[in-house]
Amino acid sequence: MSAPATLRVALLAFDEVEALDLAGPYEVFTTATRMAARLAPEAPAPFEVFCVARSPQAVRARAGLRVLPEAGFTMAPVADVLIVPGGVVDGARQCPRTLEWIARTAAQARITAAVCTGAFLLAEAGVLTEGEATTHWEDAADLRAQFPALQVREGLRWVEQPGGRLFTSAGISAGMDLSLHLVERLAGRTLALRTARQMDYAWNENPTTAPAAA
């Protein structure tokens, strides 16, 4: 039996991205790769993780953090997993190059997932067109109004559409819960649990359990 191939995980970076929407999944998948090397030193790395932006120049996250992507759209490797973070997405939604890259990458990817208001980018790009979806609780009404074909669910950590290729999650930390779920789906439960333990993160495995309202 041949060894499983390393899966390429691409995370979209754009100006005003929510820092933890991007960094949380990045940390999950890179930590999973480190933990896999401890659990099975001779096995191939489960994930190769990289950030992609319109150009390889630094982008400025919503909180001011500067992120230097590994590649621009024209040079980015083909992705097996696409993660689209949220944040202030107005500029990205109005950028044809960004929407075209999302649509093209999602069509080739094994799994596409949005964190928080990244759902608006998937919808604007024509990737998320119908069925159930979720987003940050504060933005659910806007997602429902702007894309009425979607069945926007509230109070969930993440939503998986039929077929298991398209996911949306609620805000910020929910993206980490979803990312751990994807590690389990793609590389096994043992690795997902070891990753959460290494991160000292209380993984909420149940997508129907949301934090209590303030």
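User: In this predicted model, is Phe120 buried or exposed?

Analyst: Residues under 20% relative accessible area count as buried. In this predicted model, Phe120 has a relative accessible area of 5%. Phe120 is therefore buried.

User: Which residue forms an aromatic pair with Phe120, and what is the geometry of the pair?

Analyst: The partner of Phe120 is Phe147, which counts as buried at 15% relative accessibility. Phe120 lies in helix 4 (residues 118–124), while Phe147 lies in the loop between helix 5 (140–146) and strand 9 (150–152), 27 residues apart. The ring centres of Phe120 and Phe147 are 6.4 Å apart, with 70° between the planes, and the pair is edge-to-face.

User: How are the rings of Phe29 and Phe47 arranged?

Analyst: Phe29 lies in helix 1 (residues 19–39) and Phe47 in strand 2 (residues 47–53), so their pair ties together parts that are 18 residues apart in sequence. Phe29 is buried at 0% relative accessibility, and Phe47 is buried at 4%. The ring centres of Phe29 and Phe47 are 5.1 Å apart and the planes stand at 80°, so the arrangement is edge-to-face.

User: Are helix 6 and helix 7 roughly parallel or roughly antiparallel?

Analyst: The axes of helix 6 (residues 173–187) and helix 7 (residues 189–198) come within 7 Å and cross at roughly 150°. Angles over 145 degrees count as roughly antiparallel. Helix 6 and helix 7 are therefore roughly antiparallel.

User: Which residues of helix 7 meet helix 6?

Analyst: Helix 6 passes helix 7 in a right-handed crossing. Helix 6 contributes Leu180, Val183, Glu184 and Ala187 to the contact, and these meet, in helix 7, Arg189, Leu191, Ala192, Thr195 and Ala196.

Key:
Residues numbered from 1 in each chain as written. Predicted model: local features only at pLDDT ≥ 70, side-chain atom pairs only at ≥ 80, totals over all residues. Heavy atoms only, no water. Axes fitted to C-alpha atoms, helices over the stretch in contact; angles between N-to-C directions. Helix = DSSP H or I, 4+ residues; strand = E, 2+ residues; numbered from the N terminus. Parallel < 35°, antiparallel > 145°, perpendicular 65-115°, else oblique. Left-handed = near helix turned anticlockwise from the far one by under 90°. Contact = heavy atoms within 4.5 Å. Phe/Tyr/Trp six-rings, centres within 6.5 Å; stacked < 30°, edge-to-face > 60°. Buried < 20%, exposed > 50% of the residue type's maximum accessible area, 1.4 Å probe, protein only.
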